[in-house]
Amino acid sequence: MARATQLPCDGNGICMICKNKPSPDAILTCNTCATPWHVTCLPSSTRPPTLADALCWDCPDCSLTDQPPPSIAPAKTGNSDELVVAIRAIESDESLTELEKARRRQELVSGGGARSSDDDGGNLKNKEGINGDNDFLAILDGNINCSICMQLPERPVTTTCGHNFCLKCFQKWVAQGKRTCAICRNRIPLTMASQPRINSALAIAIRMAKMDHKSNSTGGIPKVYHFVHNQNRPDKAYTTERAKKAGKANACSGKIFVTVPPDHFGPILAENDPLRKQGVLVGETWEDRMECRQWGAHLPHMAGIAGQSKYGAQSVALSGGYIDDEDHGEWFLYTGSGGRDLSGNKRTNKAQSSDQKFEKLNEALRLSCRKGYPVRVVRSHKEKRSSYAPEAGIRYDGIYRIEKCWRKNGKQGHKVCRYLFVRCDNDPAPWTSEIHGDCPRPLPAIEELKSAIDITERQGSPSWDYDEVKGCWMWRKPPPCSRKQADGGNIVEGKKRRPMKKLSAREKLLKEFSCQICRDVMTSPLTTPCAHNFCKACLEDAFAGQSFTRQRTCEGRRTLRAQKNVMKCPSCSNDIAEFLQNPQVNRELMTVIDSLLHRNVAEEQSDESSKEVDSRHEEIDAAANDTEMFKANSQNLEEAEDNNFKSRMEAKHQQTDDSKKAGVLNGKSSCEPRPVLEQPDAEKGEVVENRRQTNAVERKLNQTTKRTKSSNAGNSPMSTFGVVTKSKRAKQTT
């Protein structure tokens, strides 16, 4: 291998040292590998001395004379016995994971030596982004990686054999003519190779893990994102009994839940959502166009463009109505409306019969292009040719801006109006795992512009543009004034919803990994070719008793060829019969779910142990309080007995003195027996009541002390309190 100062020219003929393109006379070609070299940048020791030597000259890579011998780093271990002992010590360390053990063995054998556990753990955390026990990005990064680029999959695609790839990596792999998985070499279905579907549940899980890691590293409050799941679903569109048979074809539009006017431009904010106080969020889905209308994202039931020719267009819908549409996610080419024969009772007609013109709704889109107005975009599941369309229903994908528009000859032979939409929203797209919104990007190269006519481009600055100071997309010019009134005063408040429980990051991730049949966390997860996730048992039960083929006969006379049974996915209308013949468990996804569940069990055990410790502390505090109360009652009892004794003694002396005086006066002897003094009834009752309270407190203290000793078995012995006796001379022992 040549040194760093001896580099040849690259494939474009540019020298990799001086970064200049030398002339043909200054290029020297190797006789062995035919690699071009810049003569000026070659060291003098490697240059050929004569022109004749230049014909048989070998480059530094092919000639080993100028190359120094490779240096091998000596191992830190003295001999093979020490190396074996060190490897066995690494294998016996239960605190290390398999990945850490493999890394330490590799460093030990290569001569790097085994690092201490603290250094290794710290470097591993810094490398993989681990920030405590609550960072779930490391779990996904270690188990769900693209098998081609070895990174977290960007716009993940899951094959039928359960391996994950980035969408671009998968498309490059298929473009090379390879129809087998890059890991297990299982065959990739033709439909999946031509139109791969993005696993939206996995993309959302990766994004949530990135958000949790960012909030843990910065210490701030994480921003709440709402993606595919619409927690507060509105009321259904009203359908009469007469129209139920036709579904929602004749349904009446439900109430509008937002307070924006019908010609509102831009996103629908939280201030215009009196019910949920959150607005229409990117990634929010609805069952159909009727429900999408109720939240103001796209008002027309059937038309794909919402706007006015002299005012501009507010929103568009991508539903696969025109074969000229091209969807690339962050930008797409949209075909205008018109040019089809809808005479008579025709509702739709896919055949183009005339040229489209910039008029009506097409003119509204061109006006939004000239002014730079923001346009809301919704995608429908009917767009089967796009990898960015939702699996079911209608999804709001954010704000786009029209950069150019033109006309060209369509695929059906008639001219169509074309529009270049580029995404410019502050929130990330539903199909990506990024945590930030869009930034200004260069316009893509469009080949059809070379033969286009009536090209329209924006001349001035757009109304909706990116603010470099604030770092977000916003109105740089005042938005157009609405010509219609919002029907916000007639909005009827729906029934009060219970406050949603705040979920932790682990619970949110487990919720994303839920089966779409049983709605629980998946066990033995399966990913269908249409990018839906199910439990293996649930999916097998859904098609239990059904055969893959159906035998046919011609009126019982002869047997016909067997017909394949169509088995539709429980979440969409795609046929998954071929996948069900040999379903493969998604091992990578199952590993992630097991790791999350393991952490869930560990946290529950820690919570239970903390509750037990708290209960023990409460019992100890209660015992201490009872002891203090017992001490106070005992002291009061002793004081009462002392006072009673003193009073009795004083009364006795007083009575003795009185009797002596009376004896002297009456002439009686003082040697007569004196009457016994009796304690007054009030004093007797007070003493008995004090003793009764003391006995009750003593019994309660003994019971509490027994419970505390039994619960603290095995712990350090707790100091015992002495019991006060009934005698006033007994002292309290500690």
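1. A contact here means heavy atoms within 4.5 Å. With that in hand, take the contacts in the protein chain between residues at least 6 apart in sequence: 61% of them join residues at least 24 apart. Please keep in mind throughout that this is a predicted model.

2. On the overall make-up, the protein chain has 15 helices and 19 strands. It runs to 734 residues, of which 39% count as buried.

3. Helix α10 is worth a look on your screen. It spans residues 361-371 and is mostly covered, with eight of its eleven residues buried. The buried set is Asn362, Glu363, Ala364, Leu365, Arg366, Leu367, Ser368 and Cys369. After α10 comes glycine 372, which has a positive phi, near 75 degrees.

4. Now the cysteines: how many disulfides does a search of the whole structure find? The search returns zero. Cysteine 18, for instance, is in no disulfide, and its nearest cysteine sulfur, belonging to cysteine 15, lies 3.7 Å away. The cut-off for a disulfide is a pair of cysteine sulfur atoms within 2.5 Å. Cysteine 538 is likewise in no disulfide; there the nearest cysteine sulfur is that of cysteine 518, 3.7 Å away.

5. Are these two cysteines buried or exposed? Cysteine 18 counts as partly exposed because its relative accessibility is 27%. Cysteine 538, at a relative accessible area of 19%, is buried, since the cut-off for buried is under 20%.

Note on methods. Residues are numbered from 1 along each chain as its sequence is written. This is a predicted model: local features need pLDDT of at least 70, side-chain atom pairs count only at pLDDT 80 or more; totals for chains, interfaces and linings use all residues. Side-chain values use heavy atoms; hydrogens and water are left out. Buried means under 20% relative accessible area, exposed over 50%, partly exposed in between (1.4 Å probe, protein chains only). Helices (H or I, at least four residues) and strands (E, at least two) are DSSP runs, numbered from the N terminus.
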